[in-house]
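Please read them with the structure open beside you.

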Amino acid sequence: MGDRIDPTLLLVSRRAFYPVHAAVLRELASRYIVDVVVLGAAEADVPDVHRSLGWASPTQLREQGIGVELLPAAGSTWADDAEAIRTCLASVDPDLVWVQEEPVDLITLEVLATYRRTPRRPRIGCAVCENIFSRGDVRTRLRRRHLWPRLDVLLAVAQESAQGIRAVGMPRSIPSVDLVAGIDAPGDLEPARRRRDDERFRVGFVGRLVPEKGWYDAVAAVAAVPDALLAIAGDGPESSALTTALASSALKGRADYVGLLAKDELWAFYRSLDCLVVPSKTTERWKEQFGAVIADAFACGVPVVGYDSGAIPEVIGEAGLIIPEGDVEGLVRGLVTLRDDDMLRAKLAHAGRERYEREFSVEAYARKVAAAFGLAPRV
């Protein structure tokens, strides 16, 4: 510790250099009394749909006064990762540790193991993003039972996530903070405006093209809404099936598939929409988690219609329409309602933008992290 006065917060995550995490780190460093250090991977070993979000530069973060340590490159052994984590913890000697990994992940368990039986007691908070977890074998369950009590707080993207991890043994004595997530929207982002050659009602879908994201329900619903247009952005193993579906007579001339867009291109896509549809479906191993596309749409003042899968209702709140999961006819009715009711569209657009500012902006995200770790604001 030496003569250090300000507490040190260490963010540990392979995805620490996602733009939103980098933005939150800068916000914490500028607005709160804390020194910030990050331990992350230099390159993202993630699917293209996530890579399109961008990747912050470790060099740039260093130039902005944020300490940076790097995990071994993807493909290294777990022993290499564990050694890097222990070395960083010993070198930084943090007062606060924010682990942006799941509580079941090896990185989290290594951090907890390091501080399980030491006099040094930094406050440790761990993200929870998934909402369905495996119980694991007997050895795994015993290790979790031994280490999880060392956590001080859960930073859950939604109540569903906190409930999911508690269902596999997370002690209920460890408090959770919900809706700890956000997006890094451009500061000059203006609400959506109808400035298109074609003024027909335009419905958007953004996401991975996999069954659980429900893209086929979006196609079926818009096909049943006369004169509505459908715009889809994303990629995945079912892109060919999507192309075939969009060529059907019911949607001919009313559908546009633009593929995977970089984040800076995606903002313009959102702003071209009259509403976003999020028809995710629950499977045995997956339920919708935070649903960042919802926060994206809110930032652009775009109303959202979503199924009640996983965390979608909690994230949408009062700023959109919730439809029973799998109810395509209900989805059609929701779209028709928005198409025909200009006042409702305007009301939800305003509510969504307010919800983004209050819950999902970088400032809101940083405020929740700061509260979880007891950081004091700079005067």
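1. This is a predicted model, and I would begin with its largest nonpolar core, which has 36 residues and in which Tyr-270, Leu-276 and Ile-294 touch the most other members. At least two residues of this core come from each of strand E9 (229–233), helix H10 (263–271), strand E11 (275–278), helix H11 (292–299), helix H12 (312–316) and H14, and the largest share, 6 residues, is supplied by H11.

2. Tyr-270 deserves a separate look: once its neighbours within four places in sequence are left aside, Tyr-270 is in contact with Val-206, Leu-276, Val-293, Asp-296, Ala-297, Cys-300 and Val-302. Another core, of 32 residues, lies apart from the largest one, and includes Ala-16, Leu-155, Val-369 and Ala-372.

3. Next comes a pair of helices. Helix H13 (residues 328–340) packs with helix H14 (residues 342–360) at an angle of about 100°, their axes being 5 Å apart, which means that H13 is roughly perpendicular to H14. On the H13 side the contact is made by Thr-337, Leu-338, Arg-339 and Asp-340, and on the H14 side by Asp-342, Leu-344, Arg-345 and Leu-348; by class, these are 3 nonpolar, 1 polar and 4 charged residues.

4. Finally, which residues of helix H5 (residues 106–114) are buried? They are Ile-107, Thr-108, Leu-109, Glu-110, Val-111 and Leu-112, and what covers them includes strand E1 (8–12), helix H4 (78–92), strand E4 (96–99), strand E5 (123–128) and helix H6 (138–147).

Definitions and conventions
Residues are numbered from 1 along each chain as its sequence is written. This is a predicted model: local features need pLDDT of at least 70, side-chain atom pairs count only at pLDDT 80 or more; totals for chains, interfaces and linings use all residues. Side-chain values use heavy atoms; hydrogens and water are left out. Buried means under 20% relative accessible area, exposed over 50%, partly exposed in between (1.4 Å probe, protein chains only). Helices (H or I, at least four residues) and strands (E, at least two) are DSSP runs, numbered from the N terminus. Contact means heavy atoms within 4.5 Å. Axes are lines fitted to C-alpha atoms, for helices over the stretch in contact, and angles run from 0 to 180 degrees between N-to-C directions. Angles under 35 degrees count as roughly parallel, over 145 as roughly antiparallel, 65 to 115 as roughly perpendicular and the rest as oblique. Ala, Val, Leu, Ile, Met, Phe, Trp, Tyr, Cys and Pro count as nonpolar, Asp, Glu, Lys and Arg as charged, and the others, Gly among them, as polar. A nonpolar core is a set of buried Ala, Val, Leu, Ile, Met, Phe, Trp, Tyr and Cys residues joined through side-chain atoms within 4.5 Å.
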